[in-house]
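Open the model in your viewer and follow the stops below in order. Each stop says what to select and what is found there.

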Amino acid sequence: MTPSPHNDIPAAFALVDIRGLRKRFGDNEVLKGVDLQIARKEVVCIIGKSGSGKSTLLRCLNGLEPLQEGSVSVDGQPIRPDNRQALRELRQNVGMIFQGFNLFPHLTAGQNVMLAPRLVQKTSGADAERHARKLLARVGLAERFDYYPDQLSGGQQQRVAIARSLAMNPQVLLCDEITSALDPELVGEVLQVVEGLAAEGMTLIMVTHEMAFARRVSDRVIFMHQGQVHESGPPQALFDNPQTIELRRFLSLDH
Amino acid sequence: MYEFTLWDIARNLLLAARWTVGLSLIAFIGGGLVGGGLVVLRLTGTRTLRRLIMLYVQLFQGTPLLLQLFLVYFGLSMFGIETTALVAASICLTLYASAYLSEIWRGSVESIDRGQWEAASSLALSFGEQLRHVILPQALRAAIAPTVGFMVQVVKATALTSVIGFVEMTRAGQIITNATFQPFFIYGSVALMYFALCFPLSLYSRRLEHKLRR
C-alpha cells in the first residue's frame, strides 16, 4: 500500500471513519481489514476489479451488510447493526443510490421522493410535496412528478433515485455503480447531476467504472484489490503515476 | 309418494347453497387471517419458528382435506372435547386455507426484488414500513391470481364437509336425486350453481389485477 497524505485525516475531522473492517461471506473473506477516513465534503471514488470488495465496502457503510470485525462510524456515531433504532438514525444521514435504481414501481416519481420524509421524518403532506418538487427540479425532472418509473428512461429513473435519497438531507451519499445499468447515451445526464452535488459540497463515496469522471470530479481515488485498499491518492497521481503493478494492470485493461 | 316440484328442488338446493357459501367465507376469512399472520412470522421469526411453520404448511398441504375433517371431527371428541360439525369444519377449513394462503403469499413477497427491500431500508424505513408501503402493495398484485385460484378450489372443497354431516350443495343434490331419480338434471343444476359461485370470483380477480397494474 502506498502511503498518501490523504490517508491521515485525524479521526476528529473524518465524517466517515472505517477501521480494520473485515467482512466474510461464508468462507470467502471479501474485506480483509480496510482502513479509510473520509472528510466532510470530500468526493471519493472507489475503483477496482469486480470482486475486489468495492460494493461490499459501500454496503457496510449504511448497515446493509453487517460487518464482522473492525468499526465504521459516521459523524462520530459507530454503526451497531444489532440496534435497529441506531441503524435508522444512521440511514437518515447516509443516502444510497443503487446500480439498478430500485425505484418503487407502484409509486410515482413524486411519491417515491416523498415516501421516506413522510414516514420517517413525519413531514406534513404539503411540505413533503414542496420539497419533492424542488428536488425533482434540481435533478432536471420537475415535469415528471406524476410519472411512474416505467414511464421514465433509465437515466431519468436514476435521477429520481438521487432526488429520493436527497429528500432525507443526508450528510453522505453512497453511489454504487450508479451508471453501470444505463445505456451509454444516458450516463452523462446522471453524472452531471452527481457532479453538481459534488460542487455544492456533498460528501460522496462512489464505486464507479467511469474513469474520466473519477479523474475530473474526485478529490481522492481509492484502488481496491483483493479486499484491501491497495493504493490511494489524488486522481492525477493515481491515474498518471500508478505505484503498484496491480493498479497499472487494472488501468491498462480496459480504461 | 310425495312429488318433488321444480320449486322444491330449487328451494332445497338454494338452502343448501347457504352452507357452501358460509363455509367458504369461514375458510377465506379464517384462513386469510391466520395465513397473513403466518407470513409475517415467516418473515420475522427465528429459524426454529420458520421451520415449525413450514412443517405446518407441509402437513396440511400433504394430507387430504377429507382426512383432516375426519381427524378433527372424531379426534377432538376422542380427547373429550365436544364439537359440532360446524366447529370442526371451521377449524379444519381455516387451518387448511391458512397453510395454502401463507405459502402463496410468502411466494409473492419473495418474488419482489431484494433491491426494493434494500432501497426502502436505506431510506431509514422500519421493517413494518418497508412491508406496508413498499413490499405488500407490489406483492398484492402478484398474489391476486393464485389467491383467487385457491379460493375457487376452496368453494368446491366445501363439498367434502358432507362427510361430517353438512348438507351443503353436493350432499343436498345427492339426497334430492335419491328421491327424484333425476341424477343428470339435479347434478347438472348443482354443477351450474358451483359455476355461478366461482366464475364471478375469477372475473373479479381479473378486473382487480387490471386495476392494480400500477
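A helix crossing is called left-handed if the near helix is turned anticlockwise from the far one by less than a right angle, and right-handed if clockwise. This is a predicted model, in which local features need pLDDT of at least 70 and side-chain atom pairs count only at pLDDT 80 or more, while totals for chains, interfaces and linings use all residues. Residues are numbered from 1 along each chain as its sequence is written, chains are lettered from A and ligands numbered from 1 in the order in which they are written, and side-chain values use heavy atoms, with hydrogens and water left out.

Select chain B. Its secondary structure is eight helices and zero strands (DSSP runs numbered from the N terminus: H or I of at least four residues for helices, E of at least two for strands). The C-alpha trace of chain B spans about 75 × 45 × 20 Å along its principal axes.

Next, select the residues where the chains touch (heavy atoms within 4.5 Å). Chain B contributes 20 residues and chain A 26 residues. About 1900 Å² is buried between chain B and chain A, 60% of it on carbon and sulfur atoms; this is accessible area (1.4 Å probe) lost on putting two parts together, summed over both.

Now show R59(A) and E118(B), whose side chains form a salt bridge at 2.6 Å, N to O (Lys or Arg side-chain nitrogen within 4 Å of an Asp or Glu carboxyl oxygen). The count between chain B and chain A is two salt bridges.

On the side of chain B that touches chain A, α5 (114-122) and α6 (127-157) each supply at least two residues. The most comes from α5(B), with eight residues.

Finally, select α3(A), residues 109-120, together with α6(B): they pack at about 145 degrees, axes 12 Å apart (axes are lines fitted to C-alpha atoms, for helices over the stretch in contact, and angles run from 0 to 180 degrees between N-to-C directions). The crossing of α3(A) and α6(B) is right-handed. Here L115(A), L119(A) and V120(A) meet E129(B), H133(B) and V134(B).
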